Amino acid sequence: WPGARAAAEETLRLAFIPQENPEKLLDDITVIRDYLASEIGVPVEGFVTLDHAAAIEALRGQSANISFMGALPYVLARDQIGAEVLLSEVYRGKPSYVARIFVRRDSGIEAVADLAGKSIAFADPISESGYLYPLEIVADAGLLAPGADPQSFFGRVYFAGGYQQAIQAMANGLVDAAGVSQFAELLLTPEQQSEIRWIAESEPIPAHAVIARPGLDPALQAKFVEAMLKLNEPANRRLLQHVYGPDGYVRADQAAYEPVAEVARRYGLLG
């Protein structure tokens, strides 16, 4: 079987995006790498990229075969390099979630309109819940033209490098607000969680995806997908905490990601 031989000779390389503390992510990668290697039967390597754009470049240059990333970077990767979506995360029983704008309870900020001239931290310029969908919240409130420069509404805009960094900046008083995933508050301490609240949330966003570069050996890709779906089994569920902590994974529905592409076009990220 030539295909089986090719799969056996290949190393599966996984690119992870730093949604949270990179040191924790490195420990997590070791656990999931060992699980996948034992399931698939080929060596597995994992590394943390600087950001979403770097993960797409890793797939383009074939230094990564698979990447875990948000819906927006996925639709950009599909457009730029022909990447294929394999799996979607399931959180709280569904493969979708929302973005929220968080503030400190003592900030005096009650509504989105109160953010005029205020500072805000986002996760990454090519993050759906950590940038574009929070901007959509402001646009839907009639405070920012769709696709407009957010500096025309906010006083200062910062990109913190991840959900955890963005919401920590707000919780620590470095910025007035954070535009991030609904789950970002879980990356704070219980004490910090009690000191913050959200004031608005977005439309549902398709969950984070697991994607493959074009041209990946089909037999190897199929083995990877099966191994990831086995994480849903009770005996393996403890391992989910090492791949960003979802409830599980399902095979991806490509159509679910089309609304994200529409938002990306509105902000000039897709042609």
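Colleague: Which side chain is joined to that of S88 by a polar contact?
Modeller: That of Y257, at 2.6 Å. A polar contact is a pair of N or O atoms within 3.5 Å; within protein, one must be able to donate a hydrogen and the other to accept it, and residues adjacent in sequence count only if both atoms are side-chain atoms. Before we go on, this is a predicted model: local features need pLDDT of at least 70, side-chain atom pairs count only at pLDDT 80 or more, and totals for chains, interfaces and linings use all residues. Residues are numbered from 1 along each chain as its sequence is written, and side-chain values use heavy atoms, with hydrogens and water left out.

Colleague: Is S88 buried or exposed?
Modeller: S88 is buried, at 5% relative accessibility. Buried means under 20% relative accessible area, exposed over 50%, partly exposed in between (1.4 Å probe, protein chains only).

Colleague: And which strand is S88 in?
Modeller: Strand β4. Strands (E, at least two residues) and helices (H or I, at least four) are DSSP runs, numbered from the N terminus.

Colleague: What is the strand order in the open sheet?
Modeller: β2-β1-β3-β12-β4-β13, six strands with mixed pairing. Two strands pair if DSSP finds at least two bridges between them.

Colleague: Which strands stand at the edges?
Modeller: β2 (44-48) and β13 (248-251). Each has a single partner strand, so one side of each lacks a neighbour in the sheet.

Colleague: How many bridges join β1 to β2?
Modeller: Five, and the two strands run parallel. F16 stands opposite V48 in β2.

Colleague: Switching to helices. Which strands does α4 lie across?
Modeller: Helix α4 (residues 71-81) lies across β3, β4 and β12, at about 140° to β3. Axes are lines fitted to C-alpha atoms, for helices over the stretch in contact, and angles run from 0 to 180 degrees between N-to-C directions.

Colleague: How many residues of α4 are buried?
Modeller: Eight of its 11. Among them are L72, Y74 and V75. G82 follows α4, with a positive phi near 75°.

Colleague: At what angle do α3 and α4 cross?
Modeller: Roughly 35°, and their axes come within 10 Å.

Colleague: Which α3 residues meet α4?
Modeller: H52, I56, L59 and R60. On the α4 side they meet P73, L76, A77, Q80 and I81. Contact means heavy atoms within 4.5 Å.
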